[in-house]
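User: Hi! Could you walk me through a structure I've just opened? I'd like to chat about it piece by piece.

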Amino acid sequence: MADPFADPFADLIEPFSRRGVDLGLDRLQAALAELGHPERHFAAVQVAGTNGKGSIATLVHSSLLAAGINAGLYTSPHLVSWCERIRIGKRPISEAALRHQLLALQSLGQRHQLTPFELVTAAAFCAFAEAGCSLVVLEVGLGGRLDATTCHPDRGVVGFGSIGLDHSEFLGPTAAAIAAEKAGVLQPGCTALSAAQSPDVAAVLQERAAACGAELRWVEPLDLGPWVLGIPGAIQASNGAVALGMLHALSERGWAISDSAIGTGFAQARWPGRLQQLPWRGHELLLDGAHNPPAAEVLRLELDRRSANQGAGQAGRHWVLGMLANKAGPEILKILLAPGDRAWIVPVPGHACWSADALRAACPAWSQALQSAPDLETALEQATPPVVVAGSLYLIGHLLATVARE
């Protein structure tokens, strides 16, 4: 019997995995040149940042579709299938279509020593060009200056999500250093939008925009009275403001996008794995990736806000947490847990992770609150609703795949 969790693209992507993360533009630019530059067949906007990128990109893409524009969307990572990363119109690319693109790129990808992300980015650019997309929303994968999506030559509108500490081993040890890498997406003459950032990040964005001749516009959070967003959470007021600013900047550049279309697009937008309610065996789970400290802070604030709106505190919340070993597990734990909470620490399949023992050693004040479970399902059976599942988007993807199989 076939393994329902098997990756249908493993034979085409895994051979490139030995390169791991290897930031740079030269390899993919050379490969795209050999392909006849498919990326030059469509216009693009780009979204960079640490958190909120996917939400902003989804809100923009949904609004472009509502405006009648043949738009594509490229995001990462995926939760269940690689196909989620490439959307042409309303639908993700089919398995057959993505397999066709990856097969065609095998020899070229090996010659140019592409990473898996570069290979899939090349496949996306080819798919968008073949589908006749006129405008594509590109979410940066890692960083910005050397990210594969930055190989698109003309990204006239750029959005920035919240910028904070994550992937420091690749981008630098401080928020300012990380902001400098992410600001590398700016081009002369482009219009960039950002909601409020920390002072050191804001200073870097201002300096880099001025240095390259880009216009940087700061936006205030949306009033969520007149705007209905299909993506939940108070943080979406800021993400929505960036998306709205990007859409208005596109309108200034000649794209026919009305506020009515934007309103429709915002309401229809969906972005799974972020404050997602999921029924599981008779009760509801709340899913949120929350894989770095800034995202954990947003989740904690959202839970506190919801409890305050209900008129009472949420005593003794139960968590199921899986956190990759290269993430700031102890810091995430301290942010998420409140007095009286309990957390079941589980492995994320296929990844090195923080164990309950390691977290107890790093966070002795929380040692009594931590339980160990051999897998996600065991933890969910032991925890008492309401349960929040968090700590890694890979964990959320594993849960969604498990539910789909049931």
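Predicted model: local features only at pLDDT ≥ 70, side-chain atom pairs only at ≥ 80, totals over all residues.

User: Pocket first, then. How much space lies in the second largest pocket?

Analyst: The second largest pocket holds about 370 Å³ of space.

User: And which residues lie nearest its centre?

Analyst: Thr58, Leu73, Arg87, Lys90 and Arg270 do, out of a lining of 20 residues.

User: Where does the largest share of the lining come from?

Analyst: From helix 3, residues 53–66, which supplies five residues to the second largest pocket.

User: Great. Switching topic: where does Gln187 lie?

Analyst: Gln187 is in the loop that runs between helix 7 (175–182) and strand 7 (191–194).

User: Buried or exposed, that Gln187?

Analyst: Gln187 counts as buried because its relative accessible area is 16%, and the cut-off for buried is under 20%.

User: What does the side chain of Gln187 reach at 2.9 Å?

Analyst: The backbone nitrogen of Arg155 is at 2.9 Å from the Gln187 side chain. A polar atom of that side chain also lies 2.9 Å from the backbone oxygen of Pro153.

User: Which residues does Gln187 touch, leaving out those up to four places away in sequence?

Analyst: Pro153, Asp154 and Arg155 are among them, and so are Cys212, Gly213 and Ala214.

User: Now Arg217. Where is its place?

Analyst: Arg217 sits in strand 8, which covers residues 215–218. Its relative accessible area is 23%, so Arg217 is partly exposed.

User: What does the side chain of Arg217 make a polar contact with?

Analyst: With the side chain of Glu252, at 2.9 Å. Setting aside neighbours within four places in sequence, Arg217 is in contact with Thr191, Ala192, Leu193 and Ser194, as well as Ala249 and Glu252.

User: And how far apart in space are Arg217 and Leu103?

Analyst: They are 42 Å apart from C-alpha to C-alpha, with a separation of 114 residues in sequence.

User: OK, salt bridges. How many does the structure hold?

Analyst: There are 16 salt bridges in the structure. One of them joins the side chains of Arg111 and Glu34, at 2.0 Å from N to O.

User: Which parts of the chain does that pair link?

Analyst: Distant ones: Arg111 belongs to helix 4 (residues 95–111) and Glu34 to helix 2 (residues 26–34), 77 residues apart. Arg111 is partly exposed at 48% relative accessibility, and Glu34 is partly exposed at 43%.

User: What about Arg306, which residue does it form a salt bridge with?

Analyst: Glu302, with the closest N and O atoms 2.9 Å apart. Both lie in helix 11 (residues 293–309), four residues apart, about one turn of the helix.

User: Are Arg306 and Glu302 buried or partly exposed?

Analyst: Glu302 has 3% relative accessibility, so it counts as buried. Arg306 is partly exposed, with a relative accessible area of 24%.

User: Last one: which residues are linked in a network of salt bridges?

Analyst: Asp22, Arg27 and Glu118 are linked in one.

Terms used: Residues numbered from 1 in each chain as written. Heavy atoms only, no water. 1 Å grid on protein atoms, 1.4 Å probe; cavity = no way out; pocket = protein on both sides within 12 Å on 5 of 7 lines; lining within 4 Å. Points joined across faces, edges and corners; volume = space filled by probe spheres on them. Helix = DSSP H or I, 4+ residues; strand = E, 2+ residues; numbered from the N terminus. Buried < 20%, exposed > 50% of the residue type's maximum accessible area, 1.4 Å probe, protein only. Polar contact = N/O pair within 3.5 Å; in protein donor to acceptor, adjacent residues only side chain to side chain. Contact = heavy atoms within 4.5 Å. Salt bridge = Lys/Arg side-chain N within 4 Å of Asp/Glu carboxyl O.
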